[in-house]
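Welcome, and thanks for taking a look at this one with us.

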Amino acid sequence: MRRAGRPRGEGPWPWLAAGSLALSLLMLAALLLLLAGRGLGHFWPAPVVLVTLDDGHQLAGQPVREERRRTLEGHWVRERLYRVGNRDLDGEAWRWVEVGRIVAEETPEAWAVIERRRWGELIVRPLALEEAGRRLTEAPLWSAFEARLERGRALAEERDALREEVIAPLARRLAAGHDDAAARERLVAAQARVAELQAAMARDVLVVESAAGERLSVPLAEITAAWRPNAMSPAEKLLAWGSNLWHFLSEGPEAANSAGGVWPAIFGTVLMVLLMSLLVTPFGVLAAVYLHEVAPQGRLTGWVRIAVRNLAGVPSIVYGVFGLGVFVYGLGGRLDAWFFAETLPSPTFGTGGLLWASLTLALLTLPVVIVATEEGLARIPDQQREAALALGATRAEMLRRVVLPMALPAMLTGVILAIARAAGEVAPLMLVGVAKLAPQVPVDGDFPYLHLERKFMHLGYHVFDVGFHGGDVEAALPLVYATALLLVGVILVLNLTAILLRHHLRARHAAPGTR
Amino acid sequence: MSRAMSETLLSRAAGETRSAIIEIPAAQGCLEIDDLSLRYGEQPALRGLSLRVPRHSVTAFIGPSGCGKSTLLRVLNRLHDLNDEVTQSGRVLLEGEDIHGPGVAVAQLRRRVGMVFQTPNPFPMSIYENVAFGLRLQAPLKKRRRDEIIEWALVSAALWDEVKDRLHDSAWTLSGGQQQRLVIARTLAVQPEVLLLDEPASALDPISSLKIEELIRNLKSRLSVILVTHNMQQAARVSDYTAFLEGGELVEYAATDDLFTNPRLTRTEDYITGRMS
């Protein structure tokens with residue numbers, strides 16, 4: 001009898017095996033911790049530190065990290081990186097400062113971090129508010145500023161709603177050739193209202209001063225968010241963190257993906273994976289059923305099996321090339337020539353898009369589904385088949401009523417593996433439809449609602465694009481971590497959904513011995 | 001059992017007739033097997049079997065492992081149809097009609113000739129759905145009529161009292177013996193003329209086994225039962241006629257009492273007295 005809690009086996013082997021497992025788990029935990037720490041920390045409102053250097057210079061910024069560096073003279077110094085913002089004033093949004101040269105550090109409450117639509121963030125001290133060129137004396141300054149920022153947001157919302165719900169549909173109608181005097185009038189009226197709103201939004205201006213003493217006037221319409229981290233309580237900071245995170249998850253990217261959110265990428269990833277599952281499941285299941293249940297077993301089916309298993313090992317970029325050649329140029333070009341000839345030479349389906357990307361990934365994951373389904377079919381005892389046949393079922397009835405329900409969990413296992421593989425693929429997508437920036441998600445209110453020909457954004461490609469194609473590496477890095485964490489999260493959620501579904505089905509249809 | 005061995009046995013029994021088979025009058029027979037031979041690839045399993053199975057009685061096939069009794073049973077249900085390796089010759093007549101005839105749909109035949117296997121194999125469905133399975137394959141029935149047939153089948157299989165309160169539980173919550181009776185009920189529900197039982201009690205405990213035997217004795221008033229068994233006491237207890245097979249050949253076929261008390265051939269006697277099994 002063995003004692004509970006002790007590994008079975010003798011000598012060093014159990015320890016070696018347990019050690020390998022522990023190491024794998026440790027690495028996995030380290031990966032997730034790194035992603036979570038670096039990615040989620042980015043949204044925390046870090047304090048603004050006003051630093052005075054030994055030569056009398058001042059700078060205001062949020063400390064990011066410290067490093068030991070070797071100077072040209074050959075000795076080691078500690079340097080600290082500050083996010084100082086103010087790219088339009090100083091030309092650099094980041095500053096390395098030698099720690100030894102810092103003579104004073106303070107965290108004055110008045111300093112604010114202001115995010116703008118252009119030029120990134122400002123780290124400045126607000127001085128005054130101006131309304132149409134007239135200086136205001138409302139006090140306190142910050143709450144007056146926040147109230148006016150809120151007013152500006154309301155105006156912007158009205159403008160966006162007007163543009164989306166009135167102007168765009170009217171413009172489409174007119175462009176489609178309906179020359180309708182009433183519609184034209186309404187369009188003009190709506191446009192006038194938009195211009196009015198724009199003017200109203202441009203009324204307020206915030207005057208700020210940087211640590212170097214430069215003054216700047218920022219129109220409130222340019223400001224997307226502003227906060228004073230040093231004046232915030234921990235609860236307020238947590239709230240701000242949550243709100244930042246929510247903006248990251250729910251909004252589209254800004255400033256060439258270097259800021260803003262990733263909502264279109266989340267949506268694109270999930271939609272693409274779901275479409276891929278819808279395409280691959282029937283094909284994979286039917287192929288497996290044919291191979292295992294219908295085809296006469298012999299050397300040929302053996303070869304087909306080997307080929308299918310080997311297909312699973314083909315590098316994904318090869319599938320990308322296939323998809324580009326066959327689906328995009330071949331099928332897509334054909335479809336364009338037949339149905340969308342009027343828009344040629346600009347392609348509709350003849351360029352990468354959601355449909356082709358899903359199809360390519362479906363092809364990529366087909367072997368996984370076939371193999372898993374076949375294994376599921378092989379596990380069903382022959383007695384079950386014979387029992388159905390002996391009751392007068394035809395082969396088709398036997399398959400449909402007994403074999404396929406019992407193989408459902410195995411099929412779902414295949415789909416789970418397929419999702420896990422497809423959601424993380426980036427290489428083939430670059431060839432067949434992913435876009436750097438596609439703020440319009442492929443589902444909207446316009447017929448046919450799901451736009452299969454549209455390009456889409458993908459979290460995996462977003463990581464690649466933000467990390468390697470942005471100008472500002474320091475700003476991109478936390479976004480890369482956050483997006484990577486999100487990708488892991490999305491795959492986890494997709495897999496968990498499928499696993500729960502399988503668990504539910506297993507409870508209903510398990511075969512003896514497959515429970 | 002190897003061919004070489006059966007030939008030594010034959011030579012030892014030299015001078016004795018090869019087989020002793022009673023003739024059932026054609027009017028009483030429901031199944032007639034006529035010169036049936038079957039081989040798996042090159043391996044012969046049945047060699048020129050001929051016998052007639054009487055209606056409304058229990059006929060047991062006994063014999064050592066590999067004698068071909070299970071193979072014979074599967075022929076009667078045409079379960080070998082799926083196996084490409086099997087070649088067979090000879091005829092099987094069900095109520096005078098060739099079961100391999102061109103006009104016979106195999107699914108239809110299997111409804112007339114039901115089969116129960118050695119290990120209980122209920123489907124992963126509720127008890128009710130298991131019994132309804134065969135019915136659902138046929139023309140749709142009114143729910144009330146279907147419920148009646150299901151109750152009748154479960155009563156006939158002596159299972160109704162045990163499951164009537166939990167018809168919608170999974171069939172796998174039943175014990176092995178109950179599962180086997182459920183499988184019999186499932187087969188009875190399609191109202192077959194012949195019931196083939198392939199060692200139906202060999203995977204069960206003695207009590208469950210006795211219940212199945214009792215059930216078989218009761219069933220013969222409605223249909224003809226063919227029972228394959230290893231257990232000679234079981235064959236003696238349950239059956240009216242017994243056929244002893246060896247090496248793919250029918251050795252002796254007689255009324256059960258005659259065969260067990262007064263076997264005509266020494267091969268049969270050796271087997272039933274345990275000298276070579």
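Two strands count as paired if DSSP finds at least two bridges between them. With that in hand, strand β2 (residues 29-40) of chain B and strand β5 (residues 86-94) of chain B pair in the antiparallel sense, over 8 bridges. Please keep in mind that this is a predicted model.

**The four-stranded sheet of chain B**

- This open sheet has 4 strands in the order β3-β2-β5-β6 (chain B), and the pairing is antiparallel.
- At its edges stand β3 (43-54) and β6 (97-98) of chain B; each has a single partner strand, so one side of each has no neighbour in the sheet.
- Tyr40(B) has Gln43(B) of β3(B) as its bridge partner.
- The hairpin of β2(B) and β3(B) has 2 residues between the strands, and there Gly41(B) takes a positive phi near 60°.

**The seven-stranded sheet of chain B**

- Another open sheet has 7 strands, ordered β1-β11-β10-β4-β9-β8-β7 (chain B), with mixed pairing.
- Here the edge strands are β1 (20-21) and β7 (113-116) of chain B; each has a single partner strand, so one side of each is left without a neighbour in the sheet.
- An example of parallel pairing is strand β8 (residues 194-198) of chain B with strand β9 (residues 224-228) of chain B, over 5 bridges.
- Within that pair, Val194(B) has Ser224(B) of β9(B) as its bridge partner.

**Helix packing**

- Two packed helices are described by the angle between their axes and the distance between the axes.
- In chain A, the axes of helix α3 (residues 141-175) and helix α4 (residues 181-201) come within 9 Å and cross at roughly 155°.
- Angles over 145 degrees count as roughly antiparallel, and α3(A) and α4(A) are therefore roughly antiparallel to each other.
- The crossing of α3(A) past α4(A) is left-handed, and the residues of their contact divide into 15 nonpolar, 3 polar and 7 charged.
- In chain B, helix α4 (residues 127-137) and helix α5 (residues 143-156) pack at an angle of about 110°, with their axes 10 Å apart.
- α4(B) and α5(B) are therefore roughly perpendicular to each other, and α4(B) passes α5(B) in a right-handed crossing.
- To that contact α4(B) brings Tyr128(B), Val131(B), Ala132(B) and Leu135(B), while α5(B) brings Arg146(B), Ile149(B), Ile150(B), Ala153(B) and Leu154(B).
- By class, the residues of the contact of α4(B) with α5(B) are 8 nonpolar, no polar and 1 charged.

**Where the chains meet**

- The contact between the chains involves 18 residues of chain A and 21 residues of chain B.
- On the chain A side, the elements giving two or more residues are α10 (382-390) and α11 (395-423) of chain A.
- The largest share of that side, 6 residues, comes from α10(A).
- By class, the side of chain A that touches chain B has 11 nonpolar, 5 polar and 2 charged residues.

**Annotated spans of chain A**

- An unreviewed UniProt entry places the feature "transmembrane region" at residues 262-291, 311-332, 352-372, 402-423 and 479-501 of chain A.
- Residues 311-332 of chain A are 82% helix and 0% strand, with the end C-alpha atoms 24 Å apart.
- Residues 402-423 of chain A are 100% helix and 0% strand, and their end C-alpha atoms lie 32 Å apart.

Technical notes
Residues numbered from 1 in each chain as written. Chains lettered and ligands numbered in written order. Predicted model: local features only at pLDDT ≥ 70, side-chain atom pairs only at ≥ 80, totals over all residues. Contact = placed C-beta atoms within 7 Å. Nonpolar A, V, L, I, M, F, W, Y, C, P; charged D, E, K, R; others polar. UniProt positions renumbered as here; feature names shortened; annotations may be inferred. Axes fitted to C-alpha atoms, helices over the stretch in contact; angles between N-to-C directions. Parallel < 35°, antiparallel > 145°, perpendicular 65-115°, else oblique. Left-handed = near helix turned anticlockwise from the far one by under 90°.
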